[in-house]
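The structure is shown first, and the account of its spaces follows.

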Amino acid sequence: MFGTSLFIGVESAFVNDLEFTVPSYIDALVPESALADEGLEVVNPATLALLATVVDYSEQDVEEIVVKADRARVAWSALTAKERARHLLAWRDLLIEHQELLAKLMTAECGKPMAESMGEVLYGASFIEWFAEEGKRVYGDIIPSHVQGKQALVLKQPIGTTAAITPWNFPLAMITRKAAPALAAGCSMVVKPAEATPLTALALESFAHQAGIPRDLFRVVTTTRPAQVGSLLCSSPIIRKLSFTGSTAVGRTLMRQSSDTVKKLSLELGGNAPFIVFDDADIESAIEGALVSKYRNAGQTCVCVNRFLVQDGIASEFVSRLAARVSALSVGNGSEEGVAIGPLINASALEKVERLVEDAVSKGAHIETGGHRVAVDEGSFYAPTVITGVTPDMSLFREEIFGPVAAVVTFTHEADAIALANDTEYGLAAYFYTQNLGRSWRVAQQLEYGMVGINEGIISTEVAPFGGIKQSGLGREGSKYGIDEYVEMKYVLVGGLQL
Ligand code: ADP
């Protein structure tokens, strides 16, 4: 078995002969043309060893790539959805066939434990499969005639050339969740991956081309100049739609920069997820949910729990059981068997977590377990932590932690829990545990969040709409709704009909 079985992943597929010192998986997955002697350097966040240097595209290069993508989409959009699906499904098959190599590459590049990387390959591939099929169901409408001799229709057509800007925490799935609906709908896409994780993106691009998706139609542009390339993508009149996953701060900038071209946007931004445990909860299941929801990817996902709101009757039992489980989680290089908590992505992420914990402690919070760095190799490791006595005046309550720190707040009444949960500008994911049916319904309706898990700590799936409200973003990814982001509605009125 791999690790502590905390995480979704494919535990049985773990291999014992992982070799990270000679990154042969890079040779196997990343085309030589994407590598360079000088350019964007990619390091392993667990060891700080240099993994590879990739091509550093300039703004001018990206402009040319966008023009070519726009040309390539003409032939692609003329294919039937079924023909496009054939290529998409071949792409999915290649990812699954190379699951283990891709997982090694991901773990090396972003630090997450191997079982999670294995899981992410399947999760990423699931979006391709889903949207290959959804592409066939982009139905229009025939509207009952309002006047004799006229017929109103609605056509759904691909929006055109699109762009995506993606983060490092899900280096594969955050690309397929955007590219699959775009390509399935008949669009082209240019992707700018995060600087920390260009290799997974390049491997993904290479498999897409091997699957017969035209080279110019789907391109990954790696760069050391994300702000400049981002600004170019926003201001390009060729690009009709931009999909971004990342911080709220950058999302706001992109929204501003996209206003001149009135670009359609999908923004999947930050979160401040509450996890409410009512005193009628099944506590064992709440602890399991808390572990997967908080400590997955060392707490570095936008749907990771940020605040545990625990009813005072069960608070001390919940905290002591959670702290006992958390202190047993093993911290280390994600390539090693048994490791549950990998490194944070870089030193500044570690400093941010430290700052949040220090601020909370200085204002009276109490560390139950963890609360310090862990010295492993050269990377930025932080001990899985549980802190109690957290209050709304602490930064831990307000800011996205993005680290393995559980902040526990107690409450007395249901209404207090809802008020605390909604006391944030974010509105991405929320979780709560109760066995009371009436309360389930009441609380789910009152939480101001785009996604709610009731007695569930992991809610992401390709079949359901992922996305936030308030300042957590715009639009939805996955599900039957995800492809709407890449199509335009065209109303056609046919007149002169002799009926
Ligand atoms: P994080 O803090 O998780 O790294 P960011 O929002 O900074 O999140 O990064 C997410 C993505 O946004 C990455 O691909 C990054 O390169 C890109 N990015 C960062 N700053 C800008 C910017 N000013 N314009 C466009 N893209 C940006």
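## Terms and basis

On a 1 Å grid over the protein atoms alone, a cavity is a set of points where a 1.4 Å probe fits but cannot get out, whereas a pocket is an open set with protein on both sides within 12 Å along at least five of seven lines, and lining residues have an atom within 4 Å of a point. Grid points are joined across faces, edges and corners, and a volume is the space filled by probe spheres set on the points.

The model is predicted, with local features needing pLDDT of at least 70 and side-chain atom pairs counting only at pLDDT 80 or more, while totals for chains, interfaces and linings use all residues. Residues are numbered from 1 along each chain as its sequence is written, and side-chain values use heavy atoms, with hydrogens and water left out.

## Cavities

The structure holds four cavities of 30 Å³ or more, and the largest cavity contains about 80 Å³ of space. Its lining includes Tyr123, Phe170, Met174, Arg177, Glu268 and Arg296, together with Cys302, Val303, Ser460 and Phe466. By class, six of these lining residues are nonpolar, one is polar and three are charged, where Ala, Val, Leu, Ile, Met, Phe, Trp, Tyr, Cys and Pro count as nonpolar, Asp, Glu, Lys and Arg as charged, and the others, Gly among them, as polar.

## The largest pocket

The largest pocket holds about 950 Å³ of space and is lined by 42 residues, of which Trp168, Phe244, Gly246, Ser247 and Val250 lie nearest its centre. Two or more lining residues come from each of α8, β8, α9 and α12 (347-362), these elements being DSSP runs numbered from the N terminus (helices H or I, at least four residues; strands E, at least two). The largest share of this lining, seven residues, is given by α9. The lining divides into 20 nonpolar, 13 polar and nine charged residues.

Elements that give two or more residues to the shell around the ligand are α8 (226-235), β8 (239-245) and α9 (248-257), and α8 gives the most, with three residues. The ligand is surrounded by 16 residues, the closest being Thr166, Trp168, Lys192, Glu195 and Ser247, where a residue is near if one of its heavy atoms lies within 4 Å. Nine residues of this shell are nonpolar, five polar and two charged.
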